[in-house]
Amino acid sequence: MTPSSPLPTTALSDVVVLFAGDSGDGMQLTGSQFTLATAHARNDLATLPDFPAEIRAPAGTLYGVSGFQLHFGSSAILTPGDEVDLLVAMNPAALKVNLPRVKAGGAVLVNTNAFTDRDLGLAGYEANPLEDGTLDGYERHDVELTRLTREALADSGLSNQEVDRAKNMFALGLSLWLYTRPVEPAREWIRQKLASQPKIRDANLRAIDKGYHYGDVSERIVARYEV
């Protein structure tokens, strides 16, 4: 399936991207691979890993949020950035902790499958921020990352837990597409790093490819960006 017409590409001088989720969601890995792609694109960059406030904090809580921030641009980049252009939030806690860092009119990509009553409660939300106007004024990308990853890897032979670990690769692929970053550096890293685990290697490769192509076929995403 291909889009009916190419999406417009908006040129930007610099961008700040923040990946955030539970410590088990692989945000440091996701951020480091986005950084690798950005280096291959020959942009200057600065990074800021953000580790959980508490070691082994319960999943879904504010204290267990892990993040990775990257500032990249076409000229010299001296800091990891103050205001975030794109927040990728894997769960409600990641959204609550980091939304104040997103600039007015900035973009928020959320894993809508994680916004269950239980996870909303763990994050301290009394109402669903996807429904109560919390995200009004932001460019929203509501993506069922968990469901889409499970569908993509339905025949992988992996357990649900193993499949769900690959949703960060789906998010990475989509984020690379949004900012016209090359996907091959991350694919090559996966091939080398997981060479001894062919099932997991192939699942991660498929997840990142599905995420990248999701941008082309999704009717909810109306623009791409290039630095």
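In this report a residue is called buried when its relative accessible area is under 20%, exposed when that area is over 50%, and partly exposed in between, using a 1.4 Å probe and protein chains only. Helices (H or I, at least four residues) and strands (E, at least two) are DSSP runs, numbered from the N terminus.

The structure is a predicted model, in which local features need pLDDT of at least 70 and side-chain atom pairs count only at pLDDT 80 or more, while totals for chains, interfaces and linings use all residues. Residues are numbered from 1 along each chain as its sequence is written, and side-chain values use heavy atoms, with hydrogens and water left out.

**Confidence**

The predictor's confidence in each residue is given as pLDDT, on a scale from 0 to 100. The protein has a mean pLDDT of 93, with 96% of its residues at 70 or more. Over residues 1–5, however, the pLDDT is below 50, and this stretch has 2 contacts in the model beyond near neighbours in sequence, where contact means heavy atoms within 4.5 Å. Where pLDDT is low, the predicted coordinates should not be read in detail.

Helix α6 covers residues 167–178, and its 12 residues reach 17 Å from the first C-alpha to the last, which is close to the 16 Å expected at 1.5 Å a residue; the expected span is 1.5 Å times one less than the number of residues. The helix is mostly covered, with 12 of its 12 residues buried, including Lys167, Phe170 and Trp177. Just after α6 comes Thr180, which lies in the loop between α6 and α7.

Arg42 counts as exposed because its relative accessible area is 78%.

**Helix α4 and strand β7**

In α4, the residues Leu145, Thr146, Leu148, Thr149 and Ala152 are buried, and the buried residues of this helix pack against β6 (102–111), β7 (139–143), α5, α6 and α8. Strand β7 contains Glu139, which, leaving aside neighbours within four places in sequence, is in contact with Gly105, Gly106, Ala107, Val108 and Tyr225.

**Pockets**

On a 1 Å grid over the protein atoms alone, a pocket is an open set of points with protein on both sides within 12 Å along at least five of seven lines, and lining residues have an atom within 4 Å of a point. Grid points are joined across faces, edges and corners, and a volume is the space filled by probe spheres set on the points. In the classes below, Ala, Val, Leu, Ile, Met, Phe, Trp, Tyr, Cys and Pro count as nonpolar, Asp, Glu, Lys and Arg as charged, and the others, Gly among them, as polar.

| Pocket | Volume | Lining residues by class |
|---|---|---|
| Largest pocket | about 450 Å³ | 3 nonpolar, 8 polar, 8 charged |
| Second largest pocket | about 310 Å³ | 9 nonpolar, 5 polar, 4 charged |

The largest pocket is lined by 19 residues, and Asp22, Asp25, Ala59, Asp164 and Lys167 lie nearest its centre. The second largest pocket is lined by 18 residues, of which Leu29, Arg165, Leu194, Ile200 and Asn204 lie nearest its centre; α6, α7 (184–193) and α8 (198–217) each give two or more residues to this lining.

Terms used. 1 Å grid on protein atoms, 1.4 Å probe; cavity = no way out; pocket = protein on both sides within 12 Å on 5 of 7 lines; lining within 4 Å.
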